[in-house]
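Try each task before you read its solution.

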Amino acid sequence: MTNWHSKKLDEVVQKLDTSTEEGLASEEAEKRLEEEGANEIEKGEEVHPLEIFLGQFKDFLIYLLFFAAIVSIAIGFFPGHEPEYVNAALILIIVFLTGIFGFFQDYKAEKSIEALKELSKPDITVLRDGKKIEVSSSDIVPGDVIILNQGDSIPADARLVESESLYTDESALTGESENVSKSPGEVEEDSTVAERSNMVFKNTSVVKGRGKAVVVETGMNTEVGDIAEQLQGSEDEKTDFQKEVDEMGRKIGYGIVAVILMVAVVEFSFTSASIVTIFLMAVSLAVAAVPVSLPAVVTLTLALGSRKMLEKDALVRRLSVVESLGSIDTIVTDKTGTLTEDLMTVEKLYFGSEEFEVTGSGTSIDGEFHKDGHGTDVDYLTPLLRCGLVCNNAEKAPEEEEKDYYGEPTEIALLVSGLKAGLNPDVEREREIPFSSDRKRMTVVTGENEAYMKGAPETVLERCDRFWDGEKEVEMTDDLRQEIKDKNNEMASSALRVLGFAKKDVQDVDADSEEVESNMVFLGLQGMIDPPRQEVGEAVQDCREAGIHVTMATGDRAETAQAIGEEIGFNADRVVTGQEIEEMSDEELQEEVKETEIFARVEPRHKVMILEALEDNGRKVAMTGDGVNDAPALKKSSVGIAMGKRGTDVAKQSSDMVLQDDNFVTIRDAIAEGRGIFDNIRKFVNYLLSANAGEVLTVFFGILLGAMFFPSLFQNTTEAVIMTPIMLIWFNFVTDGLPALAIGSDDKSEGIMNRKPRGTDEPVINKRMVASMVGIGIIMAATGLTLFFSRIEAGYSLAGAQTMLFTFFVMIELVRIQTIRQRYEQSFLSNRWLVAAIGSSILLQLMVIYTPLHKYFEVTPLGVPEWAAIGGAVTAFVVFTLGMINLYDRVFPEE
């Protein structure tokens, strides 16, 4: 590996054949991407589709079916027995068809998760053709010149070209918990990674400052390329629900084994069924009853649900979010950009103890400056407007870009304000002292040895001992300080976001930052409007009706937060500030968060305190954030939500979900979609397990009742069973296939946001669900066995009665699904995929009955009387099931 850190910068640039001012040409970047490959850490060999297909047969129960097929043929080698070629062939065909279905299921889930991972990759600002553009981190190539800002994730190993108070977090690479200072220069060739202060590394992040660097290594050639710990993927971790489903599947499996053994003993004791038939029945019942497909379909439903949420601009980074959203009962949201438009426009200026209005809106530079409704001399306002223009990292975007400007909305507004006055934004910088949530200010020193500061008005005012009265510097008196504070309060109470501005001449550009930022001249205030999004008020109200408490936590002044909150519909009677939070005990804060809906002047640490107080009160919290320091709160909350547009890479990587449009409405919609997806999983689990329960109970009690009341029935043939093994396997294939999967495409219920959130201690498979599965299983068995034995009494052959029972089980899948869906207020025709799936299952069943296939399944064609009897049994099933649902509505009113 080349020692990029010890070479001269010019040598590095020459070797990479690039330019620190122009970057690479676009064509050259594409050529290098083709040669070098994507800038990604290899995750080992990709799973080949063939492996996914073969994986469908790596299951103990599938092995049993293969063994059963072999036994069916091998039995012919014993005296007095014939090989069961038909049974063996049908078993293998159904296993193969099940494998194909499972393959498409798993393959689609795999592709859905891969697509989500691809969308999660951050965009990086690079120089190409002399212009700043944004590209995916995977498209970075050696020689690219990248622009680094606070909160950015560093996409590759790179050599620094320039920096301003740049610090990075390299704990993921070196284990060093302290932030590392970075600057251009050369270091010794034998220096360790941790000592290479002129380099930045892939998978680390910028925590402070800004810089420019030239990429030297990408992908597996980076320092982190051979560290396996960096390859972890959160989607590979099983969610709580998946673990619960797995555990339930195991418990059901143990119970089924016990029941199958009992069935085998009963069959052997009371029937003349052969050992082969009893063995095949036991294996078939095990395959039909144990929900082997349940975990896979749950994962697929979560993955497809995540794609569905993406259509609502909610990018889910972890599958567990889907289930967590259903139980969220509190949202702690930022104000700027989430509740508001995130389109700042400077509307008011305070300069020389006078107030001025600014016309125009958005990013248009068409606008005028007025005083008392009349035009004013723009040159007079230049000191204030120039400060906002110079102390600024926003810049005009290339014409081909969709956005007009790069940068934060606040800085864009200040840039546009200066451009309206015709000021030149190109200023030679000597130094920047960057903004941070702790400092609440930013300072830039120009080539003319002038220091310009902007920040929170109270913070800037503290650093000033003089005041610009419009013509000259005057001493900052107590009266002037109070006037500025009063004007700040007045502007903030009008829902304006207010920043203060100051400047001074500096003798030593490299002086201590404290010296540079002291004894400044206060220039004035700029007040920006960021109006509430029109649809947010309704969304907040929808959340409240859904039992979700909504809290605003903003860094803005209390007056601004109160004005915006009141307009949206928050309870603005009480506003608590970050300073007040610090003065509260844990118990006092726990009481405060129960009622207070607006928190102002909060810093990231205050968000964590609010979050912990809410969690101590038993709340499940969704927390929004966009900055580097928001990461702890995002990680700690039940659902961490990062902003897609203005969020830093660090915030996004710490989150569970990214709002691609930064809109609070998307949070509401995501919760609604999450609840709908969770409902679909519950419906699927209920449908699948109730069918399994019905099969087991039918076979078990059918054998017992047959032995007790129809002893001659099972003494005349070695194939004497309630349903043949092939019937059970076929029924399992038909019902566990397309219909069960189609439930996952159900739309959410219309009144889904009128429900209260799921309780934190409520299991996914609750008491009502268990009762429903058992109840439906019992009704299936009771009506099915009544149909079966009534046909026997009426003189039907065993094969005829078996055919009717077999067909009854397949036909009631239609009404069984709808009785489960009915509770969610969904009509049968509301899901066309489900209608098509059920239609396909019924068509397959008719093919088995009325084509030559009936010989192999040992069924008989049905006539009108048989269909009438089946229809009567189906009607009885519906009546009893509806009665059960009404009973459960009274017994389990809250579930």
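**Exercise 1.** In what order do the eight strands of the open sheet lie?

This is a predicted model: local features need pLDDT of at least 70, side-chain atom pairs count only at pLDDT 80 or more, and totals for chains, interfaces and linings use all residues. Residues are numbered from 1 along each chain as its sequence is written, and side-chain values use heavy atoms, without hydrogens and water.

Solution. Strands are DSSP runs of E, at least two residues, numbered from the N terminus. Two strands pair if DSSP finds at least two bridges between them.
- The order is β8-β28-β27-β26-β9-β23-β25-β24, with mixed pairing.

**Exercise 2.** Find how β9 and β23 pair.

Solution. 
- β9 covers residues 330-333 and β23 covers residues 549-553.
- Their pairing is parallel, over four bridges.
- Val332 has Thr551 in β23 as its bridge partner.

**Exercise 3.** Describe the aromatic pair of Phe351 and Tyr380.

Solution. Rings of Phe, Tyr and Trp (its six-membered ring) pair if their centres lie within 6.5 Å; planes under 30 degrees apart count as stacked, over 60 as edge-to-face, the rest as tilted.
- The centres are 5.2 Å apart, with 80° between the planes: edge-to-face.
- Phe351 lies in strand β10 and Tyr380 in the loop between β13 and α11, so the pair ties together parts 29 residues apart in sequence.

**Exercise 4.** Is Phe351 buried or exposed?

Solution. Buried means under 20% relative accessible area, exposed over 50%, partly exposed in between (1.4 Å probe, protein chains only).
- Phe351 has 0%, so Phe351 is buried.
- Tyr380 has 25%, so Tyr380 is partly exposed.
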